[in-house]
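This report goes through one protein model, topic by topic. Please look at the sequence and the structure before reading on.

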Amino acid sequence: MQYPVTAIIGAGNMATAVIAGLIESGYPADKIIAANRGQEKLQALSSKFGIGTTQNNRQAVQDAEVVILAVKPAVIKTVCTEIAEDIEQQLILSLAAGKKISTIKKYLDCNGPVIRAMPNTPCLLSKGTTGLFAEPQVSQTNRDFVTSLFSNIGEVVWLDSEIQIDVVTALSGSGPAYYFYLAEAMIKAGVELGLDEAISQKLVNQTALGSAAMLTNQPVTSAKDLRKAVTSPNGTTEAATNLFDKNELMKIIINGVRAGTNRGTEISNESE
């Protein structure tokens, strides 16, 4: 099997998750190089995975066949401008939210293959979800490589249009924060009702784990059906969900995801 030399610009959580997925899949460590300004993070990656590291972005990409941009949207232009002279036809994989393929190409001054990816933080535990989009001219070989890469750290979905990336960003990219927000509220409720905080947290965390397992292990059963199965007429669950419905909690959540999607679109347009 051919393993292309892969350069990863960035050394944060997503970069770490991607590197971990590559190594666990059998990818040779000597085919991976990470670049970052901070030496401390690079040292940690080198010690843990045995990969090459550098504080020079241009040095990282010069011999690379695949370049993964795992940096914040705020610095993507700076990074791309810096490495532009060294980019020709390498596969570019961008993890930057709100940055269109056309924008990445403009920053890099190139017309090579670019794929956008939107992973989420559970990728750190190999339980993530990644939305992917590529232009039609991107080869099947490149698509298969990226599919394999992210399949090592969770589930993968390919999107039909680039605008859908904004929805994925708001739904699954930001989604863990919504679950954490709900867990935070439930833990607080337990404490206010008389439970010790540690007990309340344990109950809420395990409930989340079990509920997620039911959702994923019974794919033919919808979330709505699972909720109904727990809800007895005139029972305690119904008392709570009736209050949720009275205050239009579902509408609030839908509008929240819509607000996140709209913000992603705004960021994309600001980049033009």
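Does lysine 105 count as buried or exposed? Lysine 105 counts as buried, because its relative accessibility is 10% and the cut-off for buried is under 20%. The model is a predicted one.

## Lysine 105 and its partner

Lysine 105 belongs to helix H5, which covers residues 101-108. Apart from neighbours within four places in sequence, lysine 105 is in contact with Cys110, Asn111, Gly112, Val114, Glu135 and Gln137.

With one of these residues, glutamate 135, the side chain of lysine 105 forms a salt bridge (2.7 Å, N to O). The bridge links distant parts of the chain: glutamate 135 sits in the loop between E7 and H6, lysine 105 in helix H5, and the two are 30 residues apart.

## Salt bridges around arginine 58

The whole structure has five salt bridges. Arg58, Glu85 and Asp86 are joined in a network of such bridges.

Glutamate 85 is exposed, with a relative accessible area of 67%. Arginine 58 counts as partly exposed at 30% relative accessibility, while aspartate 86, at 14%, counts as buried.

## Nonpolar cores

The largest nonpolar core has 33 residues, and the members touching the most others are Ile8, Val18, Leu93, Leu95 and Phe150. At least two residues of this core come from each of helix H1 (13-24), strand E2 (32-35), helix H2 (39-49), strand E4 (66-69), strand E5 (91-94), strand E6 (114-118), strand E7 (128-134) and helix H6 (140-151). H1 gives the largest share, seven residues.

What is leucine 95 in contact with, leaving aside its neighbours within four places in sequence? The contacts of leucine 95 are Met14, Val18, Ile68, Leu69, Ala70, Ala117, Met118, Pro119 and Phe150. There is also a second, separate core of 28 residues, with Leu69, Ile83, Ile101 and Phe133 among them.

Leu243, Phe244, Leu249, Ile252 and Ile253 make a nonpolar surface patch of about 460 Å². Both helix H11 (236-246) and helix H12 (249-270) supply at least two of its residues. H12 gives the most, three residues.

Phenylalanine 244 is found in helix H11. Its relative accessible area is 41%, so phenylalanine 244 is partly exposed.

## Two domains

The domain assignment divides the protein chain into domain 1 (6-167) and domain 2 (174-268). How far apart do the C-alpha centres of domain 1 and domain 2 lie? The distance between these centres is 32 Å. Nine residues from domain 1 and six residues from domain 2 take part in the contact.

How values were computed. Residues numbered from 1 in each chain as written. Predicted model: local features only at pLDDT ≥ 70, side-chain atom pairs only at ≥ 80, totals over all residues. Heavy atoms only, no water. Core = buried A, V, L, I, M, F, W, Y, C linked by side-chain atoms within 4.5 Å. Buried < 20%, exposed > 50% of the residue type's maximum accessible area, 1.4 Å probe, protein only. Helix = DSSP H or I, 4+ residues; strand = E, 2+ residues; numbered from the N terminus. Contact = heavy atoms within 4.5 Å. Patch = residues over 30% accessible without salt bridge, like charges linked within 9 Å, V, L, I, M, F, W, Y side chains within 5 Å. Areas by Shrake-Rupley, 256 points an atom, 1.4 Å probe, with all protein chains shown as cover. Salt bridge = Lys/Arg side-chain N within 4 Å of Asp/Glu carboxyl O. Domains from an automatic or database assignment.
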